[in-house]
Amino acid sequence: MKLFKHRKVTRLALSGALLMALLSGCEYEYIQEPVLPPITTELKFSTEILPIFNEKCNTSGCHATGGIAPDLSPANAYNSLMTGGYVSTEDPSGSVLYHVITTGSMKSFSTAEYNQKILTWIEQGAKNN
């Protein structure tokens, strides 16, 4: 009986050691976003923001006319964002649009540069220019 307990303890100890060895080998790669210089010029929706949507959002049909809301096609993007509640000029960093591209489901489709442009555009009043 003593030998049986000894083997059980030995197996348990070996299993624990193996588990600890496997878990200690796990590491996470932390990638820090680059610090970009602030944007000091006024951004235009038509030339700075809309091209981001054309490149990243509506080319696959996801956020195109008839696709998933918001409709980010060139003809409908501004109205879709503003009437759909995706942009808040009172709380730019709390805007749904900004939140989704920086921490949400669309994070992998955006870049630090695009995030900065979109946030700055919202901070500047989210004009349809």
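Residues are numbered from 1 along each chain as its sequence is written. Because the model is predicted, local features need pLDDT of at least 70 and side-chain atom pairs count only at pLDDT 80 or more, while totals for chains, interfaces and linings use all residues.

**Exercise 1.** Find how Phe45 and Tyr78 pair, and which parts of the chain the pair ties together.

*Solution.* 
- Start with the rule: rings of Phe, Tyr and Trp (its six-membered ring) pair if their centres lie within 6.5 Å; planes under 30 degrees apart count as stacked, over 60 as edge-to-face and the rest as tilted.
- The rule gives 4 aromatic pairs.
- In one of them, Phe45 and Tyr78 sit 5.4 Å centre to centre with 75° between the planes, an edge-to-face pair.
- Phe45 belongs to helix α2 (residues 45-56) and Tyr78 to helix α3 (residues 77-83), so the pair ties together parts 33 residues apart in sequence. Helices here are DSSP runs (H or I, at least four residues), numbered from the N terminus.
- Now check burial (under 20% relative accessible area, 1.4 Å probe, protein chains only): Phe45 is buried at 3%, and Tyr78 is buried at 17%.
- Tyr78 also pairs edge-to-face with Trp121, at 6.4 Å centre to centre and 75° between the planes.
- Finally, Phe45, Phe53, Tyr78 and Trp121 form one aromatic cluster.

**Exercise 2.** Work out the class make-up of the lining of the largest pocket.

*Solution.* 
- A pocket is an open set of points on a 1 Å grid over the protein atoms alone where a 1.4 Å probe fits, with protein on both sides within 12 Å along at least five of seven lines; lining residues have an atom within 4 Å of a point.
- The largest pocket has 22 lining residues, with Cys57, His63, Val100, Ile101 and Met106 nearest its centre.
- Sort them by class: Ala, Val, Leu, Ile, Met, Phe, Trp, Tyr, Cys and Pro are nonpolar, Asp, Glu, Lys and Arg charged, and the others, Gly among them, polar.
- The lining comes out as 17 nonpolar, 4 polar and 1 charged residues.

Key:
Heavy atoms only, no water. Helix = DSSP H or I, 4+ residues; strand = E, 2+ residues; numbered from the N terminus. Buried < 20%, exposed > 50% of the residue type's maximum accessible area, 1.4 Å probe, protein only.
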